[in-house]
Amino acid sequence: MAKTHICLSFIILLYIISEGSFMRVNAQGQMEWCVAKPSSSTEQLFNNLNYACSIIDCKIISKGGACYSPDNLYNLASVAMNLYYQAAGRHYWNCDFGNSGLIAITDPSYGYCKYLFRK
């Protein structure tokens with residue numbers, strides 16, 4: 001019982017010292033990309049694609065682009081979402097897309113389709 005109180009007291013102390021503001025910490029130099037969650041609905045993927053491409057240049061997923069894939073809405077949306085995420089400063093909230101985006105730490109590039117990463 002005493003160990004529990006000590007542990008709880010330590011956690012409370014850490015909370016007070018941090019003034020209640022915990023930060024998300026990344027390893028220095030860690031690269032991140034935004035992709036669509038596999039469970040995203042077709043409607044949500046279309047919405048994400050339309051939203052991102054209304055703000056950023058989506059030539060790479062247009063006909064003739066390196067990531068053009070007319071039969072794969074998931075890939076099209078993921079590329080557009082990542083372009084938006086990178087352009088907006090790579091903040092986790094820029095990859096939310098109505099809770100249909102997730103941040104990947106493994107490069108999702110494939111074939112000639114290279115996912116943009118800005119340092």
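**Entry 1: N82 and its neighbours**

I looked up the contacts of N82 (contact meaning heavy atoms within 4.5 Å) and found that N82 touches W33, C34, Y115 and L116, with residues up to four places away in sequence not counted. I placed N82 in helix 3, where helices are DSSP runs of H or I with at least four residues and strands are runs of E with at least two, numbered from the N terminus. N82 is buried at a relative accessible area of 1%; buried means under 20%, exposed over 50%, and partly exposed in between, using a 1.4 Å probe and protein chains only. I also noted that the N82 side chain reaches the backbone nitrogen of C34 at 3.0 Å.

**Entry 2: Basis of the values**

I record that this is a predicted model, in which local features need pLDDT of at least 70 and side-chain atom pairs count only at pLDDT 80 or more, while totals for chains, interfaces and linings use all residues. Residues are numbered from 1 along each chain as its sequence is written, and side-chain values use heavy atoms, with hydrogens and water left out.

**Entry 3: C34 and C95**

I then turned from N82 to the cysteines. The structure holds three disulfides, a disulfide being a pair of cysteine sulfur atoms within 2.5 Å. One of them joins C34 to C95, with an S to S distance of 2.1 Å. C34 lies in strand 1 (residues 33–36) and C95 in the loop between helix 3 (73–87) and strand 2 (101–104), so this bond ties together parts that are 61 residues apart in sequence. I found C34 buried at 0% relative accessible area and C95 buried at 2%. The link is right-handed, with 90° about the S-S bond.

**Entry 4: C53 and C58**

Which cysteine is joined to C53? I found C58, at an S to S distance of 2.0 Å. The torsion about this S-S bond is about -95°, so the disulfide is left-handed. C53 is partly exposed, with a relative accessible area of 28%, whereas C58 is buried at 9%.

**Entry 5: C67 and C113**

I read an S to S distance of 1.9 Å for the disulfide that joins C67 to C113. C67 sits in the loop between helix 2 (42–55) and helix 3, and C113 in the segment after strand 2; the pair links distant parts of the chain, 46 residues apart. Both C67 and C113 are buried. With 100° about the S-S bond, this link is right-handed.

**Entry 6: Pairing**

I numbered the bonded cysteines of the protein chain in sequence order and noted the pairing as 1-5, 2-3, 4-6.

Notes: Polar contact = N/O pair within 3.5 Å; in protein donor to acceptor, adjacent residues only side chain to side chain.
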